[in-house]
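Please look over the sequence and the structure below, and then follow the paragraphs that come after them.

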Amino acid sequence: MSEARPGRPSAEEIERLLVGLPPRYTRAEVSARSGVPRELAERIWRALGFAQRADDAVAFTEADVDALRRVRSMLDGGLLDEQTVIRMARALGQTTARLAQWQAEIMIGTMLPSEPSEGDLAAVLGAAQVLMPDFEHVLTHVWRAQLAAAGTRLLAIADVNDELVPTRVAMAVGFADLVSFTRRSRELDEKELAGLVEGFESRASDVVAGHGARLVKTLGDEVLFTAQGPEQAAAVALDLVETDELRIGMAYGPVLPMMGDVFGTTVNLAARLTAIARPGTILVDESLAGGLGGEPYELHKIRRRPARGLGVVQPYVLRRSSS
């Protein structure tokens, strides 16, 4: 049991208020009550990102039992096998862990004064409890909408490749990198640096979403995005480079989508072009350049460059047409 100073919510109080149910079962009991074999239940908890509990620790709630019963129902119905369940659990755990951390940071950063009192900490927890039902409803809605968007993208790919869930698909991949981030980060305090990164990610996310492309991941001073074709990717890049001081590299070709990320030579080529690009410029490979037909784009062929691990490549500078 963790100790809490007067006025400061304890770990147990936070868990009780946000989870809503008290722990009642050990590892063996939650497995027995749900009908999920203990070894599989423990693999699921690990995949979700939760620490392993001692055998005699009373750490599981009735909601945990219900969740495992639903897993058992999916397995019994033949809808999913054990390997798929573990993969789904890992996807859920990693995504929601980042989401929860991010949202907690926003709430605390917004509501707490620079020198918080114990009462301020309790007030944040109280506000979170009030907001939880609305957050939960919005989360479910957004997840369904994002799932529909992902399904639509896969079906669009299938129309071209005659595969419903392809292994490799042709798409445009782009990296956008903040110029002079290392220097700027040394000049800023922690709060200013956080504002710089969050502002960049926010603007990039808005631009990518506005063109119907996908923001795959953010890496602090860099974002990775994908688009279905060269023209969509070009529109994203041209708008991005106007929002921040960036260098952008893009390539078009076969990509392996996996675990919500993208892999392959096309991704590596886009990264290499980003490293080559000068501040404020967009470099694209031959394949992407070949998919852009004139207005509203200008392409300028520059000298061939060596790209580590990829040999010599032919970059093009992409600009918005001046006419």
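Contact here means heavy atoms within 4.5 Å, and the model to which this is applied is a predicted one. In that sense, Ala 204, Val 207 and Val 208 in helix α8 meet Val 236, Asp 239 and Leu 240 in helix α9. Sorted by class, the contact of α8 with α9 holds 5 nonpolar, no polar and 1 charged residues.

Two packed helices are described by the angle between their axes and the distance between the axes. For α8, which covers residues 190-210, and α9, which covers residues 230-240, the axes come within 9 Å and cross at roughly 150 degrees. Since angles over 145 degrees count as roughly antiparallel, α8 and α9 are therefore roughly antiparallel to each other, and their crossing is right-handed.

A second pair of helices is found at α2 (residues 27-34) and α3 (residues 38-48), whose axes come within 9 Å and cross at roughly 110 degrees. That angle makes α2 roughly perpendicular to α3, and the crossing of α2 and α3 is right-handed. Here Arg 27, Ala 28, Val 30 and Ser 31 in α2 meet Arg 38, Glu 42 and Trp 45 in α3, and the residues of this contact divide into 3 nonpolar, 1 polar and 3 charged.

Leaving aside neighbours within four places in sequence, Gln 314 is in contact with Val 284, Asp 285, Glu 286, Lys 301, Ile 302, Arg 303 and Arg 304. With Ile 302 in particular, a polar atom of the Gln 314 side chain lies 2.5 Å from the backbone oxygen of Ile 302.

Conventions: Residues are numbered from 1 along each chain as its sequence is written. This is a predicted model: local features need pLDDT of at least 70, side-chain atom pairs count only at pLDDT 80 or more; totals for chains, interfaces and linings use all residues. Side-chain values use heavy atoms; hydrogens and water are left out. Axes are lines fitted to C-alpha atoms, for helices over the stretch in contact, and angles run from 0 to 180 degrees between N-to-C directions. Helices (H or I, at least four residues) and strands (E, at least two) are DSSP runs, numbered from the N terminus. Angles under 35 degrees count as roughly parallel, over 145 as roughly antiparallel, 65 to 115 as roughly perpendicular and the rest as oblique. A crossing is left-handed if the near helix is turned anticlockwise from the far one by less than a right angle, and right-handed if clockwise. Ala, Val, Leu, Ile, Met, Phe, Trp, Tyr, Cys and Pro count as nonpolar, Asp, Glu, Lys and Arg as charged, and the others, Gly among them, as polar. A polar contact is a pair of N or O atoms within 3.5 Å; within protein, one must be able to donate a hydrogen and the other to accept it, and residues adjacent in sequence count only if both atoms are side-chain atoms.
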